[in-house]
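These notes are for a colleague opening this entry for the first time. Please read them with the structure in view.

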Amino acid sequence: MNTQEPRRLELVPGQNQKAEPLFKTKEAYEKFWADFYAQVMPILDKQREAHRRSEEAAMHHLVD
Amino acid sequence: MIAQENGLLPIVTLGGVDPWNGVAQAASPHLDQRGLNKIQGALGNRAKSVVVERHYIDKDYRDTFTNFHAKKFSTPDSRCIRLHFFGAPVNHELIRDNTAVQPHFLGYVVVRPTRPNCIGRTLLAPMACGVTDCYLSLCKEEVSIQGTVLTVEGFPFISQDADVTACAQSALWMLARYFSNRYHVYPEIYPFRLTALTKDYSIGRLVPTAGLYVWQMAEALRQIGFSPVIYNRHEHGDTFEHLMYTYVESGIPILAAFDNHVVTLFGHRSAFSGQPAPQTMCGQFTFSSEFNCAFFGNDDNAVPYQTLSCHGSMARNIDKVERFIAALPDRVFLRAEGFQALLMQVLLGPDVGFQALSPIISRQKPVLRLFLTTGRSFKKRIAVRRMGNSLVADVYRNLPLPHFIWVCEISHAGLYPAKIMGEVIWDATRNAHERDGWIAVHYPEVLVVDEGAALNEPQNLVKFSLASAFGYPIFENNLRNL
């Protein structure tokens, strides 16, 4: 039976000494993304609606 | 002067009082005055000799001949004439030596026996048409003149034949031929086949064509492997022309539809020395699109490499474009405006925004340049660009990247476009609602990467502090700087 921990890959040699987590806690991380998408979602919703209307209008635009 | 006038490959030396008269003679009866005027208009006096390849079998014309012209009582010739242009005098001896004539090869025009438009498949080098000081998407083709293989790089052009193809099919053909020439994953599509792609989405007959609706053009693109998106000026307001620019800057030619016409746009010209055009998308940044003063495109009613001015008074200005189609690769799920919405939240956010993490960038209003590229192309240029810090270059080299990425380069007005100071990289194969799209945020002082998603694990954002930084070149691969 393999009892070894999975190997931890590094992006660069000695990464542990060169990098640190962006967020100190899980709560800070979750709050960041909650705030992020609270700001972004209304914009994305508007974009989706703009595309729906664009596609609808394209059905009536003949180019010859 | 025409050498071997009655042969299969006469060569016309352009000179004298009426230099193009010899071309009209040698290419008759296929080439009419209207076609000759177009060729003259495109090449001016840059062509010094023309090799006339008679009895040329053109794959695109043969497609429409087989499926349409051959069904008529009176049929046109099934063969074409191909004109090869050179920027220096050539003769039958020289033409057998490709090293001698390749430097002077300007490209070719196929002349069809169709009326009212005889100009068929065309690939001319931009320099042949006097086009300079711009950024263009280009593709290469090899042509064989009696066994001498020559290469030409340009953007494909074709005029409508008014039977099988109208401007819609011609614009689609130009876009599709660019992609099939440049990327082997896209199939080569011929004019009648393009028209036939809409057969399940049409009412009434397909030919003679009455044009296409914009959504039918998008559908045709979908059927040949693209993931097209349609933008309407009315719906996208201030960002409409910025989005056009962003796709063109990404090396994705767009189909720009006017009131009753459509053209293919594939390049732009920017004026970096002047003030950027006043736009109101986001007051905290200047976008590279604001330096744009013209788009370059092919209008099948005109000659290759037309300019569409952003601020002039031409009949067909950019502000007359009502909607456009961007033919995205099928793995690009994140649209340009979706990336921009996420980007604004990153750059202006309290935790990872440039004002929180980068005193250097905060000194001036940042200039942002957005584009789509492949992870492979991005990595290929890391060694030359050096990315402002050796640690950043090392991380980027090792970081597994998706096939397509959105990139936003960050610079300052005095520095751009010579140098940049950082970038944001986002996964273009994710939708906007997935937080794992984050790949990297790089400021001169710090690099934040998602180590988790890179290794196909849960997101793990790690921060590298950077001890030093230097400006480095913008990414150049999508477009050719002429």
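1. Within β17(B), Arg323(B) is the bridge partner of Ala257(B). That pair belongs to an antiparallel pairing in which four bridges join β12(B) to strand β17 (residues 323-329) of chain B. The model is a predicted one, and the points below should be read with this in mind.

2. β12(B) also pairs with strand β13 (residues 262-270) of chain B, in the antiparallel sense and over four bridges. Here Leu255(B) has Thr264(B) in β13(B) as its bridge partner.

3. Chain A has 64 residues, of which 11% count as buried. It holds two helices and two strands, and these follow one another from the N terminus as α-β-α-β.

4. On confidence, the average pLDDT of chain A is 89, and 89% of its residues score at least 70. Within the chain, the lowest confidence is in helix α1 (residues 15-18) of chain A, with a mean of 84, and the highest is in helix α2 (residues 26-58) of chain A, at 95.

5. The contact between the chains involves 28 residues of chain A and 43 residues of chain B. On the side of chain B that touches chain A, helix α10 (residues 336-348) of chain B gives the most, with five residues. By class, that side of chain B has 25 nonpolar, nine polar and nine charged residues.

6. The two chains also share strand pairing. Strand β1 (residues 19-21) of chain A pairs with strand β23 (residues 461-465) of chain B in the antiparallel sense, over three bridges. In this pairing Pro21(A) stands opposite Val462(B) in β23(B).

7. An open sheet of eight strands, with mixed pairing, runs in the order β1(A)-β23(B)-β22(B)-β21(B)-β20(B)-β19(B)-β18(B)-β14(B). At its edges stand β1 of chain A and β14 (286-287) of chain B; each has a single partner strand, so one side of each is without a neighbour in the sheet. Further inside the order, strand β18 (residues 366-374) of chain B and strand β19 (residues 404-412) of chain B run antiparallel and are joined by nine bridges. Phe371(B) stands opposite Val407(B) in β19(B).

8. Chain B is divided into domain 1 (2-154), domain 2 (226-329) and domain 3 (336-481). Taken over C-alpha atoms, the centres of domain 1 and domain 2 of chain B are separated by 30 Å. Their contact takes 13 residues from domain 1 of chain B and 10 residues from domain 2 of chain B. On the side of domain 1 of chain B that touches domain 2 of chain B, α2 (33-43), β6 and β7 (135-136) of chain B each give two or more residues. Of these, α2(B) gives the most, with three residues.

9. Which residues of helix α3 (residues 59-67) of chain B are buried? They include Asp60(B), Tyr61(B), Thr64(B) and Phe65(B). Seen down the axis of α3(B), the buried residues fall within an arc of 135 degrees, so they line one face of the helix. Their cover includes β4 (80-86), β5 (105-111), β6 (119-124) and α6 (191-196) of chain B.

Key
Residues numbered from 1 in each chain as written. Chains lettered and ligands numbered in written order. Predicted model: local features only at pLDDT ≥ 70, side-chain atom pairs only at ≥ 80, totals over all residues. Buried ≥ 20, exposed ≤ 12 C-beta atoms within 10 Å, placed from the backbone. Contact = placed C-beta atoms within 7 Å. Nonpolar A, V, L, I, M, F, W, Y, C, P; charged D, E, K, R; others polar. Pairing = 2+ DSSP bridges. Arc of directions from axis to C-beta. pLDDT = per-residue confidence, 0-100. Domains from an automatic or database assignment.
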